[in-house]
Number of protein chains: 2
Amino acid sequence: MVVLDIGEVAERSGVAPSTLRYYEEIGLIASLWRRGLRRQFDGDVLLKLSLIAMGKAAGFSLEEIAGMFGRDGRPDIPRDQLRERADELQRQMAELRTLRDILRHVADCPAPSHLECPTFRKLMQAASRRKLVYRPSVRRSGARRTAP
Amino acid sequence: MVVLDIGEVAERSGVAPSTLRYYEEIGLIASLWRRGLRRQFDGDVLLKLSLIAMGKAAGFSLEEIAGMFGRDGRPDIPRDQLRERADELQRQMAELRTLRDILRHVADCPAPSHLECPTFRKLMQAASRRKLVYRPSVRRSGARRTAP
DNA sequence: GCTTGACCTCAAGTCGACTTGAATTCGTAC
DNA sequence: GTACGAATTCAAGTCGACTTGAGGTCAAGC
């Protein structure tokens, strides 16, 4: 078993030490023990951090992600729940696709004002019908760099 | 010109009055005048709110969205910025797709632990290679309902 | 004239995901 | 044995996008 110092984990994963401590605090990851004060992690934590990052990228909250690991720290999610999430991702993708199409159209549309472009209005209406508009769903995170 | 009371705007748009006040405060929308204390809005504000909601869904911040309207209140967005955002959405979609595939695989994989499943590891590596993992980009917003 | 209810203002609170800072404690190298 | 550097704890701060609450105001209907 590979054992890594917190600093090493931070460096290899790109996740700040403060973040690692925070993750430990909320029970998302666990350290093996201390060497003096320093946390030491099982090398597997790197894979787990990848999974966490992926979950975040997919729009899951840390709490939700935490729920995806069993008590032994291994991924452990009821299979139908997984499928459900996959389907939800599918839906999110569809929304993003619609949105992307709108943006692309607006970018290329020669009409002086978008409000006067029939295609734009049509796309907007389609978006509204799909409830895309009033359901806050996706947000870029602040311009904060975790990696140095 | 249609004139709407703030309450009506709220009801028709699904945006809470407090939010409308907040938007006015930060200069995102403007009211015409007051009737007594009450703000009155031009009916056009509804379309503008749709655009705002769409911008949010696309991952723009309110500040960025505010910058997308000319001083006359009409949409006015640099086209290449739009294309850039569309491309970013595209990347987001790719991330979601990868994640969806992973979830689906995990849901169907017969291996006792995913960490031991070669397919899983392969998918994870693919995800990592695509920089999916360390670029924080998308987040679902909290479970807060703006509409009543 | 009085009540009612929808609106008002302003300050403060919330939420998630971290970061920052001050004061402290180690292991290691010299 | 002491200095150094990296890590520690704990409380508090930050950011965006709002919401909440207390206390005040107004137009319309009776």
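Here are a few questions and answers about this predicted model.

User: How are residues, chains and side chains handled in this predicted model?
Analyst: Residues are numbered from 1 along each chain as its sequence is written, chains are lettered from A and ligands numbered from 1 in the order in which they are written, and side-chain values use heavy atoms, leaving out hydrogens and water. Local features need pLDDT of at least 70, side-chain atom pairs count only at pLDDT 80 or more, and totals for chains, interfaces and linings use all residues.

User: In what order do the elements of chain A run from the N terminus on?
Analyst: Helices (H or I, at least four residues) and strands (E, at least two) are DSSP runs, numbered from the N terminus. Chain A has six helices and three strands. Their order is β-α-α-β-β-α-α-α-α.

User: Are helix 1 and helix 3 of chain A parallel, perpendicular or oblique to each other?
Analyst: The axes, lines fitted to C-alpha atoms over the stretch in contact, with angles from 0 to 180 degrees between N-to-C directions, cross at roughly 45 degrees and come within 10 Å. Angles under 35 degrees count as roughly parallel, over 145 as roughly antiparallel, 65 to 115 as roughly perpendicular and the rest as oblique. Helix 1 and helix 3 of chain A are therefore oblique.

User: Which residues of helix 3 of chain A make the contact with helix 1 of chain A?
Analyst: Contact means heavy atoms within 4.5 Å. Helix 1 of chain A brings A:Val9, A:Arg12 and A:Ser13. From helix 3 of chain A come A:Val45, A:Leu46 and A:Leu49.

User: What share of the 148 residues in chain A is buried?
Analyst: Buried means under 20% relative accessible area, with a 1.4 Å probe and protein chains only. In chain A, the buried share is 46%.

Conventions
Buried < 20%, exposed > 50% of the residue type's maximum accessible area, 1.4 Å probe, protein only.
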